[in-house]
Each structure stands twice: as C-alpha cells, then as structure tokens.
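Please have the sequence and model open while reading.

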Amino acid sequence: MVCGCSSTAMAEKISWNCALLVALMLVLSSCESNTGEFTVQMLQESVNSNNNNNNKVCDEIYVVREGETLQTISEKCGDPYIVEENPHIHDPDDVFPGLVIKINPFAYRS
C-alpha cells in the first residue's frame with residue numbers, strides 16, 4: 001500500500017510540473033508575439049518617416065546630398081535664411097554634395 005501512495009504522489013507532481021511548464025510556455029509565446037509585432041510596427045514607422053523627409057526637422061549641422069539645392073533644403077528643414085546664416089556660401093547656386101551648412105529651423109526662432 002505504501003508503494004501505491006508514492007506513485008500517486010509522484011504522478012501528481014509530474015502532472016503539476018507539466019501544467020506549470022505549459023502555462024509558462026503560453027506566457028512566453030505571448031510575450032514573443034507582442035515583441036515581434038512591436039518590432040514590425042517600429043520598422044514600418046521608420047520607413048514611413050524616411051519617406052516623408054519634408055516633415056523632418058533637420059539637425060543644426062547639415063551635409064548637402066546629391067541633387068539638393070538650398071531651396072529644397074530650406075523647404076525640407078524649415079529654414080528660409082540659410083544663406084544669411086552661412087557666410088561661406090558666396091553663390092546660392094554653387095551648392096555641392098558634402099557642403100556643410102548650419103540649419104536653424106524657423107519653428108525654433110524666437
């Protein structure tokens with residue numbers, strides 16, 4: 001009779017451990033699923049923000065890229081006074097990739 005009680009107790013312990021393991025796996029799989037969805041959402045927002053460069057506020061130090069003009073940079077960054085703030089630009093039409101300029105967005109002027 002002692003043997004029957006110990007095997008029943010052992011079976012109950014195994015059953016509880018299995019139930020605990022299944023519950024833990026469900027919780028972890030739920031967390032992983034939410035993390036994956038969050039990561040996908042963040043990547044989509046990043047792509048969307050890169051596609052909408054006109055809404056982006058530029059850094060104070062800006063490096064001119066291929067195909068940009070002072071007009072497009074001014075519109076993109078919200079700074080209509082680029083020439084006045086950059087005395088090293090003698091000819092507004094002589095802007096080239098790699099040129100470093102100072103940007104002061106209009107929204108931040110006092």
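## Salt bridge

The side chains of Lys-76 and Glu-68 form a salt bridge with an N to O distance of 3.6 Å; the term stands for a side-chain nitrogen of Lys or Arg within 4 Å of a carboxyl oxygen of Asp or Glu. One salt bridge is found in a search of the whole structure. Side chains of opposite charge can pair when their charged atoms come close. Lys-76 is buried at 9% relative accessibility, and Glu-68 is buried at 15%. Buried means under 20% relative accessible area, exposed means over 50%, and partly exposed lies in between (1.4 Å probe, protein chains only).

## Basis of the values

The model is predicted: local features need pLDDT of at least 70, side-chain atom pairs count only at pLDDT 80 or more, and totals for chains, interfaces and linings use all residues. Residues are numbered from 1 along each chain as its sequence is written, and side-chain values use heavy atoms, with hydrogens and water left out.

## Surroundings of Glu-68

Glu-68 sits in the loop between strand E1 (61–63) and H2. Helices (H or I, at least four residues) and strands (E, at least two) are DSSP runs, numbered from the N terminus. The side chain of Glu-68 has a polar contact of 2.6 Å with the side chain of Tyr-62, and the Glu-68 side chain also reaches the backbone nitrogen of Arg-65 at 2.7 Å. A polar contact is a pair of N or O atoms within 3.5 Å; within protein, one must be able to donate a hydrogen and the other to accept it, and residues adjacent in sequence count only if both atoms are side-chain atoms.

Leaving out residues up to four places away in sequence, Glu-68 touches Tyr-62, Val-63, Ile-73, Lys-76 and Val-95, where contact means heavy atoms within 4.5 Å.

## Asp-79

Asp-79 lies in the loop between H2 and helix H3 (82–85). Its relative accessible area is 0%, so Asp-79 is buried. A polar atom of the Asp-79 side chain lies 3.0 Å from the backbone nitrogen of Tyr-81, and one lies 2.9 Å from the backbone nitrogen of Asn-104.

## Nonpolar core

The largest nonpolar core has 12 residues, including Cys-58, Leu-70, Cys-77 and Ile-103. H2 supplies the largest share of this core, three residues. Such a core is a set of buried Ala, Val, Leu, Ile, Met, Phe, Trp, Tyr and Cys residues joined through side-chain atoms within 4.5 Å.

Leu-70 belongs to helix H2 (residues 70–77) and is buried at 9% relative accessibility. Not counting residues up to four places away in sequence, Leu-70 touches Ile-82, Val-83, Ile-89, Pro-92, Val-95 and Ile-101. With the neighbours within four places set aside, Cys-58 is in contact with Lys-76, Cys-77, Ile-103 and Pro-105.

## Chain as a whole

The protein chain has three helices and two strands, in the order α-β-α-α-β along the sequence. Of its 110 residues, 17% are buried. Among contacts between residues at least 6 apart in sequence, 54% join residues at least 24 apart.

The accessible surface of the chain is about 8,700 Å², with 61% belonging to carbon and sulfur atoms; accessible areas come from the Shrake-Rupley method with a 1.4 Å probe, and for residues only the protein chains shown count as cover.
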